[in-house]
Amino acid sequence: MQDERSQREDGEAQSPSGRGRTDRVHFPGAVNSKFTSDMKFLKASDLPAIPTYRVLDSDGEIVDKTRGPPDVPDEEVLTWYKNMLTEGIAVASAAALTPDDVVFVQYRETGVFQQRGFTLKNFMSQLFANANDNGREETCLFTTRKATPEHTKSRSTSSKYTVKQHAISSPLATQIPQAAGAAYALKIQDLQNPNQSPRVVACYFGEGAASEGDFHAALNIAATRSCPVVFVCRNNGYAISTPTLEQYRGDGIASRGVGYGIDTIRVDGNDVFAVYEGMKEARRRALSDGGRPVLVEAMSYRVSHHSTSDDSFAYRARVEVEDWKRRDNPIIRLRKWLENKGLWNEDMEKETRDQLRQAPSGRRNPPIREAFTDVYEDITEEAQEQMQELKRILQTYPDEYDLRPYKDGINGLDKQ
Ligand SMILES: Cc1ncc(C[n+]2csc(CCOP(=O)(O)OP(=O)(O)O)c2C)c(N)n1
Ligand SMILES: [Mg+2]
């Protein structure tokens with residue numbers, strides 16, 4: 001293999017050690033390195049930074065006037081716009097996947113769920129753990145544990161697609177090696193079943209998660225086992241209060257992909273068309289030559305606080321945030337593009353916002369029994385005793401507990 005490569009590139013057979021009439025060395029660990037008598041250390045800051053691919057400028061105009069328009073029907077772009085609750089990376093990258101592709105996410109990817117058919121009602125039902133909570137109700141192939149708030153999971157068949165998404169990972173980066181392993185499994189399954197159209201795994205994580213060892217292990221195993229996985233790193237400049245400068249000194253996360261021998265692109269995460277096109281090509285590459293990993297680094301400054309419990313002005317200047325807010329925003333940029341094309345206006349904006357704000361219709365709480373199920377495969381003896389005790393208390397003090405919101409009231413504790 002190595003010799004084949006050196007023959008291809010040099011046009012003549014070489015000895016692996018590089019002895020004889022050759023200008024390069026063929027160490028097993030560096031297969032095509034040229035000899036040099038110029039002693040030069042590589043300095044990251046001397047190398048040009050990896051460029052950032054963009055299609056639209058901040059006025060929503062196509063930058064390269066010689067290229068054609070984005071290859072996406074207008075109606076689909078309108079759907080993206082409506083799904084863009086927070087950022088463009090999630091929606092536009094998910095739009096480049098097929099329903100059969102399998103997805104692993106961190107926690108900032110509600111747009112991926114939405115784009116793949118998970119509705120606001122599904123989210124609210126899961127957050128309130130009501131009787132309509134798909135994450136709990138369905139026998140989830142991937143996990144049977146209850147979903148904690150914000151840890152959405154779904155294989156729902158009630159929505160447009162079977163949403164093939166694993167539960168959100170709370171311990172940072174654990175999903176990345178899992179995704180590499182799943183991609184390897186998919187590759188083998190697809191080889192064994194010629195009727196199955198080839199699938200990829202898409203794996204999302206933040207640049208902070210990429211500081212974990214799991215990231216490195218995953219990229220390397222995916223590269224060496226040629227796994228069809230697209231790693232999508234959202235680089236938003238912060239891991240809670242830790243700025244990127246304290247996380248790494250290299251050229252972002254993209255440079256690491258190149259280091260692992262993985263095809264890599266950096267895209268403007270505030271430009272939905274750049275994300276979509278980059279992701280579409282990444283998916284194509286991931287399925288070529290029998291499968292291989294690809295890394296997409298999408299850049300988008302985090303203008304919000306890390307979470308609702310965070311006050312980011314404790315660790316960054318307000319002016320920095322205001323500056324970014326003024327400079328760019330994926331939602332406004334796409335809106336400008338839509339308005340330029342006559343596809344959107346203020347009335348449509350208002351109508352859509354009003355529709356989205358309507359609270360999902362109320363649903364009953366699930367049977368009380370479900371406080372005990374789905375933790376272990378079978379309810380443990382101890383939990384069964386607790387259920388009996390709970391029943392006794394509820395029957396003894398009926399005026400203290402209003403069971404009307406719960407499906408089947410007190411009987412909801414019995415086995416169905
Ligand atoms: C292993 C581990 N360490 C620490 C945390 C706490 N934690 C939660 S989110 C977060 C920041 C992650 O930053 P990044 O991956 O860049 O994602 P972002 O929130 O910026 O989208 C940290 C440190 C965790 N969940 N898991
Ligand atoms: Mg981050």
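The legends below describe close-up views of a predicted model. Local features need pLDDT of at least 70 and side-chain atom pairs count only at pLDDT 80 or more, while totals for chains, interfaces and linings use all residues. Residues are numbered from 1 along each chain as its sequence is written, and chains are lettered from A and ligands numbered from 1 in the order in which they are written.

**View 1. Helices α7 and α8 pack against each other with axes within 8 Å.**
Helix α7 covers residues 175-192 and helix α8 residues 213-224 (helices are DSSP runs of H or I, at least four residues, and strands are runs of E, at least two, numbered from the N terminus). Their axes cross at roughly 15° (lines fitted to C-alpha atoms, for helices over the stretch in contact, with angles from 0 to 180 degrees between N-to-C directions). The two helices are therefore roughly parallel to each other (angles under 35 degrees).

**View 2. Residues of α7 meet residues of α8.**
On the α7 side are Ile-176, Pro-177, Ala-179, Ala-180 and Ala-183. On the α8 side are Asp-214, Phe-215, Ala-217, Ala-218, Ile-221 and Ala-222 (contact means C-beta atoms, placed from the backbone, within 7 Å). The contact has ten nonpolar residues, no polar ones and one charged (Ala, Val, Leu, Ile, Met, Phe, Trp, Tyr, Cys and Pro count as nonpolar, Asp, Glu, Lys and Arg as charged, the others, Gly among them, as polar).

**View 3. A shell of 16 residues lies around ligand 1.**
Leu-172, Gly-206, Gly-208, Ala-209 and Ala-239 come nearest (near means a C-beta atom, placed from the backbone, within 6 Å). Strands β4 (201-206) and β6 (238-239) each supply at least two residues of this shell.

**View 4. Five strands form an open, parallel sheet.**
The order is β3-β4-β5-β9-β8 (strands pair if DSSP finds at least two bridges between them). The edge strands are β3 (102-104) and β8 (263-268).

Methods:
Angles under 35 degrees count as roughly parallel, over 145 as roughly antiparallel, 65 to 115 as roughly perpendicular and the rest as oblique. Two residues are in contact if their C-beta atoms, placed from the backbone, lie within 7 Å.
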